[in-house]
Amino acid sequence: MAEAKPGLRKPVFTKVDQLRPGTSGHTLTVKVVSTKMVLQKGRPDGPQPRQMRIAECLVGDETGMIIFTARNDQVDMMKEGSTVTLRNAKIDMYRGSMRLAVDKWGRVEVAEPASFTVKEDNNLSLIEYELVNVVVD
């Protein structure tokens, strides 16, 4: 009776400095450093009450920082100074730099306040990547 279901497994937590372009399935616990609203479309009083909101949030842990793109309901959870757990997050590339995002297959959860201090001198979103095609002979 007390056995765990075979489909469920314990999440492996990743640190910010381990994130790489094109990867997905990350679970991280991060602190929100700052939040900036980028896009707000739709009117709450209009015929369609759906609003589209996008905010860029600088999040980080003791190993570094990265920009997290929060969408719609995720924006409300991203308050400065709060600690959040990002489940099944993926890396999107935007203008050659990495952005962290959680789509419909992941979750953003407010977590207990973390004891770590964010390492602010290692911002992974400031590193510019270039796509290189490798020809194999």
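1. Asparagine 72 is partly exposed, at a relative accessible area of 31%. Partly exposed lies between buried (under 20% relative accessible area) and exposed (over 50%), with a 1.4 Å probe and protein chains only. Asparagine 72 sits in the loop between β3 (64-71) and α1 (73-77). Helices (H or I, at least four residues) and strands (E, at least two) are DSSP runs, numbered from the N terminus. Asparagine 72 is not a glycine, yet has a positive phi of about 50 degrees. Most residues other than glycine have a negative phi.

2. On the source: this is a predicted model, where local features need pLDDT of at least 70, side-chain atom pairs count only at pLDDT 80 or more, and totals for chains, interfaces and linings use all residues. Residues are numbered from 1 along each chain as its sequence is written, and side-chain values use heavy atoms, without hydrogens and water.

3. Arginine 95 lies in the loop between β4 (83-94) and β5 (97-101). Its relative accessibility is 72%, so arginine 95 counts as exposed.

4. The largest nonpolar core has 22 residues. Such a core is a set of buried Ala, Val, Leu, Ile, Met, Phe, Trp, Tyr and Cys residues joined through side-chain atoms within 4.5 Å. Ile66, Phe68, Met78, Leu86 and Leu100 have the most contacts inside it. β1 (24-41), β2 (52-61), β3, β4 and β5 each give two or more residues. β4 gives the most, with four.

5. A second, separate core has six residues, including Met65, Ile67, Ala114 and Phe116.
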